Amino acid sequence: MTKIQPLADRVLIRPTAAEEKTIGGIIIPDSAKEKPLRGEVIAVGQGTKDETMVLKAGNTVLYGKYAGTEIEIDNEKLLIMRQSDVLAILA
């Protein structure tokens, strides 16, 4: 994977795969699946003078449904967002 270092209070997140759902034997297509709200932190920025970086690479986090910007690197879809867009760290 290409090395990316987020700046300031931004984090790079790999979303977890959307769950496969079926209704009465009908498989719902990818376009109709819920956007995942959970992911793994891949890289973090240094933080800012007003906000220290709490997240670390390897954390599993919950984030808002429309948070972040989707980017594609090496055919993998990732999200880059501000630390404040992350709602919680899962233990």
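**Salt bridges and strands, step by step**

The model is predicted, so local features need pLDDT of at least 70 and side-chain atom pairs count only at pLDDT 80 or more, while totals for chains, interfaces and linings use all residues. Residues are numbered from 1 along each chain as its sequence is written, and side-chain values use heavy atoms, leaving out hydrogens and water.

The structure holds 3 salt bridges (a side-chain nitrogen of Lys or Arg within 4 Å of a carboxyl oxygen of Asp or Glu). In one of them, the side chain of Arg82 meets that of Asp9 at 2.7 Å, N to O. This pair links distant parts of the chain, with Arg82 in strand E7 and Asp9 in the segment before E1, 73 residues apart (helices, H or I, of at least four residues and strands, E, of at least two are DSSP runs, numbered from the N terminus). Asp9 is buried, because its relative accessible area is 7%.

Stay in this region for a moment. Ala8 also sits in the segment before strand E1 (10–15), and its phi is near 50°, a positive value in a residue other than glycine. Gln83 lies in the loop between strand E7 (76–82) and strand E8 (86–90). Gln83 counts as buried because its relative accessibility is 7%. Leaving aside residues up to four places away in sequence, Gln83 touches Asp9, Glu51, Thr52, Met53, Val54 and Leu55 (contact means heavy atoms within 4.5 Å).

Now turn to Arg14. Its side chain meets that of Glu76 in a salt bridge of 2.5 Å, N to O. Glu76 lies in strand E7 and Arg14 in strand E1, so the pair ties together parts that are 62 residues apart in sequence. Salt bridges that share partners join Arg14, Glu40 and Glu76 into one network. The side chains of Glu40 and Arg14 meet at 3.7 Å, N to O.

Glu40 also leads us to the strands. The bridge partner of Glu40 in E5 is Thr60, and 3 bridges join strand E4 (residues 38–44) to E5, which run antiparallel (two strands pair if DSSP finds at least two bridges between them). E5 is also joined to E8, by 4 bridges and again antiparallel, with Thr60 standing opposite Leu90 in E8. In a regular strand the side chains alternate between the two faces of the sheet. Strand E5 (residues 60–63) has Val61 and Tyr63 on a covered face, and Thr60 and Leu62 on an uncovered one.

Key:
Buried < 20%, exposed > 50% of the residue type's maximum accessible area, 1.4 Å probe, protein only.
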